[in-house]
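Please open the model in a viewer and keep the sequence panel at hand.

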Amino acid sequence: LDLIKHVQMGQFEEAVSLANQMLGMRRLTSSQTVTIQKELAVAYVALERTDLAETSFRTALALQPNLELDSVRTSPRVLEVFNRAKQTP
């Protein structure tokens with residue numbers, strides 16, 4: 001998925017743009033939507049838009065309530081926003 005590559009390579013603005021295009025363009029499975037929202041949230045944290053990141057995580061959690069992030073491979077800032085999203089429905 002190009003979106004994941006953008007996030008991994010630090011191309012966060014491109015990732016946000018691509019994720020929003022993907023969410024608006026076609027019918028997605030809930031699993032695809034969760035992946036996109038999760039990557040979008042990571043990009044938003046990197047761009048210091050934690051408000052939008054929290055919203056993306058909440059959307060992902062609504063579709064997959066048992067969603068967890070890898071605490072070893074995920075940055076502490078992202079985990080902090082994710083945990084806040086989990087506590088605020």
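**The aromatic pair**

Begin by selecting F57 and F82, both of which are buried. This is a predicted model, and the count of aromatic pairs in it comes to 1. F57 and F82 form that pair in an edge-to-face arrangement, with 5.0 Å from centre to centre and 75 degrees between the planes. An angle over 60 degrees counts as edge-to-face, which is why the pair receives this label.

F57 belongs to helix α4 and F82 to helix α5 (residues 76-87). The pair thus links distant parts of the chain, its members being 25 residues apart.

**Confidence**

Now colour the protein by pLDDT. The average is 94, and 99% of the residues score at least 70. Which helix has the highest confidence, and which the lowest? Helix α4 (residues 50-63) is highest at 97, whereas helix α1 (residues 2-8) is lowest at a mean of 93.

**The largest pocket**

Select K38, E39, V42, R73 and T74 next; among the 13 residues that line the largest pocket, these lie nearest its centre. The volume of this pocket is about 370 Å³. Then display helices α1 and α3 (30-46), each of which supplies at least two residues of the lining. Finally, colour the lining by residue class: 5 residues are nonpolar, 3 are polar and 5 are charged.

Definitions and conventions. Residues numbered from 1 in each chain as written. Predicted model: local features only at pLDDT ≥ 70, side-chain atom pairs only at ≥ 80, totals over all residues. Heavy atoms only, no water. pLDDT = per-residue confidence, 0-100. Helix = DSSP H or I, 4+ residues; strand = E, 2+ residues; numbered from the N terminus. Phe/Tyr/Trp six-rings, centres within 6.5 Å; stacked < 30°, edge-to-face > 60°. Buried < 20%, exposed > 50% of the residue type's maximum accessible area, 1.4 Å probe, protein only. 1 Å grid on protein atoms, 1.4 Å probe; cavity = no way out; pocket = protein on both sides within 12 Å on 5 of 7 lines; lining within 4 Å. Points joined across faces, edges and corners; volume = space filled by probe spheres on them. Nonpolar A, V, L, I, M, F, W, Y, C, P; charged D, E, K, R; others polar.
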